[in-house]
Each structure stands twice: as C-alpha cells, then as structure tokens.
Amino acid sequence: MQTNSYLDYKEIIADTVGKVLAETGLEKQAIYALLEYPPDEKLGDLALPCFQLSKILKKAPNLIAQELEAKIDPAPYFEAVKATGPYLNFFVAPVTLAGEVLGKIMTCGSNYGAHAIGGGQNIVIDFSAPNIAKPFHVGHLSSTVIGNALYKIFEFLGYNCVGINHLGDWGTQFGKLITAYKKWGSAEAVEKGLIKELQRLYVKFHSEAEQDPSLEDEAREWFRKIENGDEEALSLWRWFKDISLEEFQRVYDLLEISFDSMAGESFYNDKIDAVLDELKEKQLLVESDGAAIVNLEDYGMPPCLILKKDGSTLYATRDIAAALYRKKTYQFVKALYVTGAAQSLHFKQWFKVVELMGYDWAKDLVHIPFGLVSLEGEKLSTRKGRVVLLEDLLRTAIEKTLAIINEKNPGLARKEEVAQMVGVGAVVFGALSVNRIKDVTFSWEEALSFEGETGPYLQYTHARACSILRKAGFSPEVDTFAPEKLNDPAALRVVKTLYLFPEKVLSAANEYEPSIISRYLIDLAHAFNGFYHECQVLVDDPDLQRARLVLVWAVKTVLATGLGLLGIKAPEQM
Ligand code: ARG
C-alpha cells in the first residue's frame, strides 16, 4: 500500500481491521484492496465485503462481519460500524471528516491531492505528434490534450515527465508533396497559402495519382532523395517543415501546451543503421519479397515491416529507434504513446520487436489509445480535404465566448484574456470529458456549447466561489474554523466529494484516464451548487459563516487544481 500523503479512510479501516485480525497474518494491503464504496449511501460510506475473508478464516462471511462489528471501536473517524449480511459497513463521522478534509486542504492548498509516489522517476509521454505539411485538425486534439493532462497528472504525483512531440516529419508523403509542388505549385503560392496551400497540393497529388499512377513512382523517388541527403529535396523538406511548425506553434500557444522535446521522426535517421545491425545480429531480421521484416507469426500478428523494397525506412522502424534512444537518454520507468486506437496493432507489433530484442523494459512501453473522431458521421480525411482545423475551432470558441461576455458582463476586466481561457477551456474539456476510448463525432454545436456539464460550467462555478470569498473578504490564513457547523446534508455532500479528490487523481493516473478527473469535477460542481442553493453563506453567526467560507474556499481550490491537471485555466471572474 502507498503511504498516502493525504487523508485515507481506507487506510484507517485497513489498520483497524488488520489489528483485530492480527493473528491470521492477513496483510493490511489485502484488507485495503477489499474495501468498496457502497452503491447506496444508506449502507454506509465504505464497506468491507467479507467473502474473501471467509476463505481464510473458514467462517461464514455474515459471522465474520458480526464479529468484526463487535470488536471495532468506531470513534473518532466513524459514527457507526454495522454488519449487514456479509458486509461490514462504515459510517463516517461527519464532523471529524469535515475537520480533517478541510484542514488538509487548508494546509496543502493547491497541493491537496499531490503525491510523492513518483519519487522523481522519469515518464516519457509521446503526444500530439501532428504530421508536417498536413493540417493540425481536430483529430489531433485528443492526443494533444490527453497527453498534456497525463503529463500534469503524473507530475502532480511526483514523477518527472518528459513530453515529446514525435512530429510526423519523415516518410513518403514528403515525396508526394515535392512532386506536387514541382508540378502544380510555386514559391509565391506556398508563401501566401502556407499549410492550406501544402494541403491543396497534397490533395491534388492524390486525385491526379488516381489517373496517373506513375506519379507515385516519382514521389517515391523524391523521398529516396530526401533520405539520401539530396540538397534540393532536403531544402524543400525543411521549408515545408518550418511552415508547418510555425502554424502548429500558434495552436500550442492558444492551448498553452509545450514540449520538452520536438524530436520528430527525422531525428532518428542517423540512429536507424545501428538498429538494423542489432536486429540482424539478434537474427530477427528476415527478407521477404525484397523487404526486411520481423516475423511475428508466433504471436498472432502480421510481420513488422522494417525496410521497404527500395530500402526506405518505415514508421515502425523509426519508432523502434526512438524507443532505444529514449531509454538510453531518459532511463524512463514508463513510456506512454498517446495515439488513436487505429494504431493499436502498430504499437503491439513494435513493442513485441523490442521485447524480442531482449529488452525487459519493453513491458514499460504503453500505448494509450483513444477513439475515432469523425465529422458528420464520416472519417476525417486530409486527402479529401475534409477536416476541421484546430486553430479555427479554438478561435471560433474564443470569439463566441467574447460575444457572450459582451452581452452578459460587458464591464468585466481583461475580457480578451478571460474569453481565451473559457473558449479554449470549453474545447479542451469537451475532448477530456468522455472515456478516451469512446468514438466521438465532432459537432461544432457541441464543441461550442457552454450549457450543461462543460468546461465553462466548471469555470463559472469556480468564479462564483471566488466572488463569494471576495465579498466576504475571506482569508485562508486564519486556519481555525468550527467543523461542527457544517452539519447540513448539502455541506456534507461537498465535504465527502472533496475527500475523494486525491483518490480520483490516482485512478486517473493508474488508468491513464483524465476523464476520471473531468467527471469528478462535474460532481464537485454539482455538490457545490446544491450547497449554495440550500445554504446561505453570508450569515449573522460568525462561526457558521467562517465554516461555510472555508468550504467555499476548499471547493474553489480543488476546482482550480483539477482544471489545472486537465490543462484548463480557472479565471477568478467571468
Ligand atoms: N504522427 C503520428 C500520427 O499523426 C503520431 C505519432 C505518434 N507517436 C509515435 N511515436 N508513433 O498519427
């Protein structure tokens, strides 16, 4: 079990039950792992199912629950411990809980929920990775925001994250682009149209190649030239890359996302030969129809293609070289790859190759897939020019937010800044609010909706809490308050939700699932708005007011922390 730096009622129970069952030799961890949140609150706040214990103690589970009930003293953390059938149910003592949770949040502030389990070890996170000369479209949104959220979550848990943007800056598509540029493009048009012009050329290449397949040969020839260091080919490639990077940077600036390394696929060119030698030496490389492959038949997978017939490298070749390089450079304990689920086989294949090369750290390579983003029911397609540009989406969201502010709160200070935080927040939260593996259909309407369970709803709840605190002139520095004043059910609901935050952060990390935090924040905001509706905060009784203000402050703090972990800003006014 981790020794948590935060309040952990499961640990308290595991301790207590562990002591009672000491002579059975049952480990505390084992008890900890059994604890559940009952589906119905009437059954208590935490439950110990006794089925497994029954096997060890050779007694009926109901009997075990009854015996434990008799032996356990609930105070001070619980107001009651009751056996119900095969379960031992724990009812939290609300005042103790309020005092403990709020006290913890007041001492930890924005670090509430943080953890030291990472111990400064490195985690490499490969995310975003758009392709050069192709538009940065909504299909890349998921990788970008999931990767960024995981980065922040793991840092919060004490890891040192290395964010790598594995840019798609190598491959036959550059041969196609050069071919198209030579035939139908011009320097002026590219300077003027930038990526849009590159995209036009790319789309044109594909429609023309349908009529004239020889264009494909020409494209292959150009790519070969790039790989062989031909000056003309390389300088065109560099030019296209610079244009793309400038455009990508505008999107990253809007999202306020940065990377520790921008080493794209091309970075590994000079590291390929060593990989090929190693594969040969380990007798993994096999010739097949002139190409070089690693046979994966024994593992129920198609072969991993390493070199094409013409000797050019592939996506997987570069991924293997990159993994070896990253292990050597960063000594990672985990390397995460955030891409669409469509690439699952690709990752399975080359992870296997790394394993076959004899590297036990192959088990630390993790593919983090997400569902398909489609547009009006159809796949996004750069080739067909059917995409929604991320920059357009973000800018439209910001404009829409500004229009709403101008209508509802025209006197707001720093309107543009707030509009950016909220517009971008809406888009980011939209992409992080559902289980990542779910397919999503992009709709402008939904992406720009501020109603219901959205990012702006959370931001608004945060701003509302800030405004209450401002009005009351609240200062968290004076840390005394009377937790017994928080005895309304609505206030208690908020306290219990606040308690859960650290555990949710851990689950989000363990499952690589930022949406666990998104859903949690929605629950917290609902609980808080319910409390605000039921209980007046600014009241005559100074102790009651102080206690309620502490609760408001705690909610504000946790909302801001949680949004921050998702890569979303929390403005104090909106
Ligand atoms: N550029 C790729 C794409 O757009 C994603 C790269 C992911 N990272 C990796 N190491 N393969 O699909």
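Angles from 65 to 115 degrees between two axes count as roughly perpendicular. Keep that in mind for the first exercise, and remember that this is a predicted model.

**Exercise 1. How are helix 9 and helix 10 oriented to each other?**

Solution. Start with the geometry: the axes of helix 9 (residues 214-227) and helix 10 (residues 231-255) cross at roughly 90 degrees. They come within 8 Å. An angle from 65 to 115 degrees counts as roughly perpendicular, so helix 9 and helix 10 are roughly perpendicular to each other.

Next, find the residues that touch. Helix 9 brings W222, K225 and I226, and these meet A233, L234 and W237 of helix 10. Sorting the residues of this contact by class gives five nonpolar, no polar and one charged.

**Exercise 2. Describe the packing of helix 6 against helix 18.**

Solution. A pair of packed helices is described by the angle between the axes and the distance between them. Here, helix 6 (residues 141-156) and helix 18 (residues 489-510) have axes that come within 10 Å, with a crossing angle of roughly 125 degrees. Because of that angle, helix 6 is oblique to helix 18. The crossing of these two helices is left-handed.

I153, F154 and F156 come from helix 6, while V505, A508 and A509 come from helix 18. The class count for the contact of helix 6 with helix 18 is six nonpolar, no polar and no charged.

**Exercise 3. Helix 18 also packs on helix 20. Are these two helices roughly parallel or roughly antiparallel?**

Solution. Look at the angle: the axes of helix 18 and helix 20 (residues 542-565) cross at roughly 30 degrees and come within 11 Å. The cut-off for roughly parallel is under 35 degrees, so helix 18 is roughly parallel to helix 20. Helix 18 passes helix 20 in a left-handed crossing.

To finish, list the partners. On helix 18 they are A491, V494, L498, F501 and V505, and on helix 20 they are L551, A554, V555, V558 and L565. By class, the contact of helix 18 with helix 20 has 10 nonpolar residues, no polar and no charged. Spot V505 of helix 18 in this list; V505 is also part of the contact with helix 6.

**Exercise 4. Which residues are around the ligand, and how do they divide by class?**

Solution. First write down the residues: D126, A129, N131, H166, G168, D319, Y337 and T339. Then sort them: this shell has two nonpolar, four polar and two charged residues.

**Exercise 5. What are the domains of the protein?**

Solution. Read off the bounds: domain 1 is 9-92, domain 2 is 122-269 + 314-379, and domain 3 is 390-565. Taken over C-alpha atoms, the centres of domain 1 and domain 3 are 35 Å apart.

Terms used
Residues are numbered from 1 along each chain as its sequence is written. This is a predicted model: local features need pLDDT of at least 70, side-chain atom pairs count only at pLDDT 80 or more; totals for chains, interfaces and linings use all residues. Domain bounds come from an automatic or database domain assignment. Axes are lines fitted to C-alpha atoms, for helices over the stretch in contact, and angles run from 0 to 180 degrees between N-to-C directions. Helices (H or I, at least four residues) and strands (E, at least two) are DSSP runs, numbered from the N terminus. Angles under 35 degrees count as roughly parallel, over 145 as roughly antiparallel, 65 to 115 as roughly perpendicular and the rest as oblique. A crossing is left-handed if the near helix is turned anticlockwise from the far one by less than a right angle, and right-handed if clockwise. Two residues are in contact if their C-beta atoms, placed from the backbone, lie within 7 Å. Ala, Val, Leu, Ile, Met, Phe, Trp, Tyr, Cys and Pro count as nonpolar, Asp, Glu, Lys and Arg as charged, and the others, Gly among them, as polar. A residue is near a molecule or strand if its C-beta atom, placed from the backbone, lies within 6 Å of it.
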